[in-house]
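Thanks for coming. I have one model to go through today, so let me put it on the screen.

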Protein chains: 2
Amino acid sequence: MRTYLDCLPCFLRQALETARRVTGDVEVHRGVLHRVASVIPDLPLGATPIELGREIHRVVRETTGVDDPYREVKRRDNDRVAACLPELRRAIASSQDRLLTALKLAAAGNAIDLAMAACVDLRGAIKGALEDGGEMTEYPLFLKQLDRGEDVLYLGDNAGEIVFDRLVVEQLVERGKRVTFAVRGRPILNDATVEDARYVGMDDLAEVLASGSDGPGTALSLCVPEFLDRFGHATVILSKGQGNFEGLSHEDAPLFFLLKVKCPVVAAELEMDIGTITLRSSGGLLERGKRGRPMTEPKDAGRGVQR
Amino acid sequence: MRTYLDCLPCFLRQALETARRVTGDVEVHRGVLHRVASVIPDLPLGATPIELGREIHRVVRETTGVDDPYREVKRRDNDRVAACLPELRRAIASSQDRLLTALKLAAAGNAIDLAMAACVDLRGAIKGALEDGGEMTEYPLFLKQLDRGEDVLYLGDNAGEIVFDRLVVEQLVERGKRVTFAVRGRPILNDATVEDARYVGMDDLAEVLASGSDGPGTALSLCVPEFLDRFGHATVILSKGQGNFEGLSHEDAPLFFLLKVKCPVVAAELEMDIGTITLRSSGGLLERGKRGRPMTEPKDAGRGVQR
């Protein structure tokens, strides 16, 4: 999807949040805000929020000198969710449709503020996800698409959440699928990297592949050839979270977006309320007229994003 | 209070919102965002958010060429609340402490999204304000301060809300007080001006005085001598809404802030939760160490704000 003007104040807010995580030095926080504000006029809005977010976080890294501000947070989140795995597995085992339940849990995992979460909070989130159910009307379409091949390309999102993804991958493997689990090409925000995937044992179940994207989501312009090749040949791609949606919603590919709607812009794109958990095929989105499709030749292309 | 770094993304968001109100032309929206982003590094954070907000809205006005984007909204809001006056008066008349009830209603009026409000919504807000009650523990202190003189300086906030303020002024007049009702010196956001005060008949009850402030709140640096003279000699000043709080919370004056806490920064300053309705004396705030006091000689003073 294209970047909305509403994303610009949000970039500034996110940069401040990241700078605060790195240091308590207000002068650094201020420096980050000023540098990010100064690049805003150069950002080509024809690009996706992922491509622009990548630029913003590059500026933050350069200003703070810290490469991976969320390193400890990611480790902690992975540990916290992993500690709840037996409980999560029981919820799945006792459900009528194990894959559907795993998908719902994984979408709920996308929404948990892990900074606050202990098993007891996860229990609430699990209960909510299973009872509410979300907008999963395209699940039968997903199953049909699954039957079309042996391979599944799974696009991971955040650390911690990746443990929930493991549960979905377990269900896919049980159905005889070969799963490739893609993660970011370098640390950005709390997004999962190869290190996180290995840490939670994803490599025991699936082939772990770095997409190459160094943005806060997957945008094809940022990915390495090996990933692009898998993407181009996939019969079904399960894309997790808002970041991957923002980078890929306009792509003509067998994509299924599993996410919780968390911001007004994504809510507008999906025509859904904030807070909704959903599994949406890209087909339906593309048919709706691609209104959020990034311009291929953005008339306002600046020098902010290197493609 | 001083400006927090958190205010900067919020300035950008507010500028976009205002630009959208003026025109549907995305290029203008974009131009506004770019110009506001470009002045951010020059903003002296030692100033109050009101002084900086004034600069932001000056940039918006200059970019859009529209002097009073909220003109129609203000008229509509004044009309909507005025239509509910009989109902509001009944709620006050049937209450145990009419002044306290009027104060609570006026604080609730500060929070209603009038863009959506009809009498039926106001009824809900009234009910909520009267039942919840808010943090009004300093009301006895306010009464005591009222007894110290015949005059009350009342600092108004938004259009629409000013009709609720009328109800408080009615109670003050009933208690034999002479009220000066201060409004902004020029249109900014949906803040009440002399035009609004006259439109809702405030001039029948009180002397209406333009403070001179052309920021989205009252900051003494922006006010005219006549207002400053009243302010300096007042025995009690009732200050309405977040904007006036942001501009005056550090001033050593007999101020009582009547507001609903709406943003994280004001919540931090008041050490209260977002959503709380309160009447707070400046005395207690000053005693708490003036931690949010703007620097008198901001070390980072730039050229953004002309004092």
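First, the conventions. This is a predicted model, in which local features need pLDDT of at least 70 and side-chain atom pairs count only at pLDDT 80 or more, while totals for chains, interfaces and linings use all residues. Residues are numbered from 1 along each chain as its sequence is written, chains are lettered from A and ligands numbered from 1 in the order in which they are written, and side-chain values use heavy atoms, with hydrogens and water left out.

Chain A, then. Its secondary structure comes to 14 helices and six strands; helices (H or I, at least four residues) and strands (E, at least two) are DSSP runs, numbered from the N terminus. Of its 307 residues, 58% count as buried, where buried means under 20% relative accessible area, exposed over 50%, and partly exposed in between, with a 1.4 Å probe and protein chains only. Take the contacts in chain A between residues at least 6 apart in sequence: 72% of them join residues at least 24 apart. Contact here means heavy atoms within 4.5 Å.

Now the sheet of chain A. Six strands form an open sheet with mixed pairing, in the order S3-S2-S1-S4-S5-S6; two strands pair if DSSP finds at least two bridges between them. Which strands are at the edges? They are S3 (207–210) and S6 (277–281) of chain A, each pairing on one side only. On average, neighbouring strands of this sheet are turned by 20° against each other, direction ignored. S5(A) and S6(A) run antiparallel and are joined by five bridges, and A:Leu258 stands opposite A:Leu279 in S6(A). Helix H9 (residues 161–174) of chain A lies across S1 (151–155), S2 (178–183) and S4 (237–240) of that chain, at about 160° to S2(A). For such angles, axes are lines fitted to C-alpha atoms, for helices over the stretch in contact, and the angles run from 0 to 180 degrees between N-to-C directions.

Over to chain B. Its six strands also form an open, mixed sheet in the order S3-S2-S1-S4-S5-S6. S3 (207–210) and S6 (277–281) of chain B stand at the edges with a single partner strand each, so one side of each has no neighbour in the sheet. Inside the sheet, S1(B) pairs with S2(B) in the parallel sense over five bridges, with B:Val152 facing B:Val179 as its bridge partner in S2(B). S1 (residues 151–155) of chain B also runs parallel to S4 (residues 237–240) of chain B, joined by three bridges; there B:Leu155 stands opposite B:Ser239. Helix H12 (residues 241–248) of chain B packs on the sheet, touching S1, S4 and S5 of chain B, and its direction makes about 140° with that of S5(B). Four of the five residues of S1(B) are buried, so this strand is largely enclosed by the rest of the structure.

Next, the rings. Over all chains there are eight aromatic pairs. Rings of Phe, Tyr and Trp (its six-membered ring) pair if their centres lie within 6.5 Å; planes under 30 degrees apart count as stacked, over 60 as edge-to-face and the rest as tilted. One of the pairs is A:Phe142 with A:Phe256, edge-to-face at 5.2 Å centre to centre and 70° between the planes. A:Phe142 is in helix H8 (residues 139–146) of chain A and A:Phe256 in strand S5 (residues 255–260) of chain A, 114 residues apart. Buried or exposed? A:Phe142 is buried at 0% relative accessibility, and A:Phe256 is buried at 3%.

Another edge-to-face pair is B:Phe245 with B:Phe257, at 5.0 Å centre to centre and 85° between the planes. B:Phe245 lies in H12 of chain B and B:Phe257 in S5 of chain B, so the pair ties together parts that are 12 residues apart in sequence.

Last, the interface. Chain A puts 22 residues in contact with 22 residues of chain B. About 1,800 Å² is buried between the two chains, 66% of it from carbon and sulfur atoms; buried area is the accessible area (1.4 Å probe) that two parts lose on being put together, summed over both. On the chain A side, A:Leu5, A:Pro9 and A:Arg30 lose the most area to chain B, together 32% of what that side buries. From chain B, B:His29 in helix H2 (residues 26–39) touches A:Leu5, and among its other contacts are B:Leu16 and B:Thr23. B:His29 counts as buried, at 6% relative accessibility.

Methods: Lists of a residue's contacts leave out its neighbours within four places in sequence.
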